[in-house]
Amino acid sequence: MSSAPAPVAPAVSPAVAPTKKKPYPFWLGGVAATIAASITHPLDLTKVRLQASGDKRMIESIKKTYRTAGVRGLFDGISGTWLRQMSYSMCRFWAYDESKKLIGAGKDAPAWKLAAAGSMAGGIAGFVGNPGEIVMVRLQGDFAKPPEKRFNYKHCFDALFRMVREEGISSLGRGVGPNVFRAVLMNASQLASYDFFKAELLKTPYFEDNIMCHFTASFAAGTVATTVCSPADVLKSRIMNASGPGSNSTIAVIRQSMKNEGPMFMFKGWLPAWTRLQPTTILIFLTLEQLKNAVDLSRSKGFTFL
């Protein structure tokens, strides 16, 4: 008597692991920051001149620049701005993403983890981008000085070459302490708070991952960053604009400023800084989100080089 054939178990398809999303190009943040900084350059120029010169009010400073140099004068030092953004900003966005991976700061990470990642990124970018920062500050602040005290750089590369030739290679590290400190504060407040506010907004029923959410989160991040960074920003501008021997001492600058202006010197230029940083922050993140969307679209069309 033959036995019935054993039932055949149905074939089970192996589980397909979800495809890991390819990271975005590391230079996207630098491009977004360069676009934003180019648009808001006149405001940044005014902020630096308020901090480094005797100008008192934002509108009067803008009028003075326009009266003496025309519309073109509002874009003095634009090459320094480009150099700074494509060194410092490109590095900070890349380092922020890498730092989040390193400490495990995912999509819904707590604020302290995001701030820690931002601080790490700021320390790296502040050091790497210091030469570009000095060049930008000097190019922007030059016209506000008396003619005999101006550097008269032609462009950002002329500034770099002349600094090394006339002041030595160590001049590229001038003010690196306050600059790194300011970069740590900026990234811990701006990048981290943007991610934090964006995540919190998306938890509410009123926001989706669209331009309105990005705008609101970046507006809040810009206000936080301006307030947190103002003291270090003022010190950085004053130290980098100084040219005399011993004038780059952080302690000396603080003592002299406290003696002449009192403790509120640390928030001098807050309004133009906020007026400049607010649209810059909004433009950076809106542009960055759109660039990411463009990369996603390009990849879906088969352009794998992105």
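Start by selecting Phe 196, which counts as partly exposed because its relative accessibility is 29%. Here buried means under 20% relative accessible area, exposed means over 50%, and partly exposed lies in between, with a 1.4 Å probe and protein chains only. Phe 197 is partly exposed too, with a relative accessible area of 25%.

A word on what you have open: this is a predicted model, in which local features need pLDDT of at least 70 and side-chain atom pairs count only at pLDDT 80 or more, while totals for chains, interfaces and linings use all residues. Residues are numbered from 1 along each chain as its sequence is written, and side-chain values use heavy atoms, with hydrogens and water left out.

**Aromatic pairs**

Rings of Phe, Tyr and Trp (for Trp, the six-membered ring) pair if their centres lie within 6.5 Å; planes under 30 degrees apart count as stacked, over 60 as edge-to-face and the rest as tilted. By this rule there are 7 aromatic pairs. Show the rings of Phe 196 and Phe 197: their centres are 5.7 Å apart and their planes stand at 65°, so this pair is edge-to-face.

Now select Phe 219 and Trp 274. Their ring centres are 6.3 Å apart with planes at 90°, so this pair is edge-to-face. It links distant parts of the chain, 55 residues apart: Phe 219 sits in helix H9 (residues 211-241) and Trp 274 in helix H11 (residues 270-300). Helices (H or I, at least four residues) and strands (E, at least two) are DSSP runs, numbered from the N terminus. Phe 219 is partly exposed at 37% relative accessibility, and Trp 274 is partly exposed at 24%.

**Lys 198**

Next, go to Lys 198 in helix H8. Is Lys 198 buried or exposed? Its relative accessible area is 15%, so Lys 198 is buried. Contact means heavy atoms within 4.5 Å. Apart from neighbours within four places in sequence, Lys 198 touches Asp 209, Cys 213, His 214, Ala 217 and Glu 289. With Glu 289, the side chain of Lys 198 makes a polar contact of 3.0 Å. A polar contact is a pair of N or O atoms within 3.5 Å; within protein, one must be able to donate a hydrogen and the other to accept it, and residues adjacent in sequence count only if both atoms are side-chain atoms.

**Where H4 meets H8**

Colour helix H4 (residues 78-103) and helix H8 (residues 176-202): their axes come within 12 Å and cross at roughly 60°. Axes are lines fitted to C-alpha atoms, for helices over the stretch in contact, and angles run from 0 to 180 degrees between N-to-C directions. On the H4 side, the residues in contact include Tyr 88, Phe 93 and Tyr 96; on the H8 side, Met 186, Gln 190 and Leu 191 are among them.

**Glu 167**

Glu 167 is partly exposed, at 32% relative accessibility. Its side chain joins that of Arg 138 in a polar contact of 2.8 Å. Beyond neighbours within four places in sequence, its contacts are Arg 138, Phe 151, Tyr 153, Arg 162 and Arg 174.

**Zoom out**

Finally, show the whole chain, with its 11 helices and 0 strands. Buried residues make up 46% of its 306 residues.
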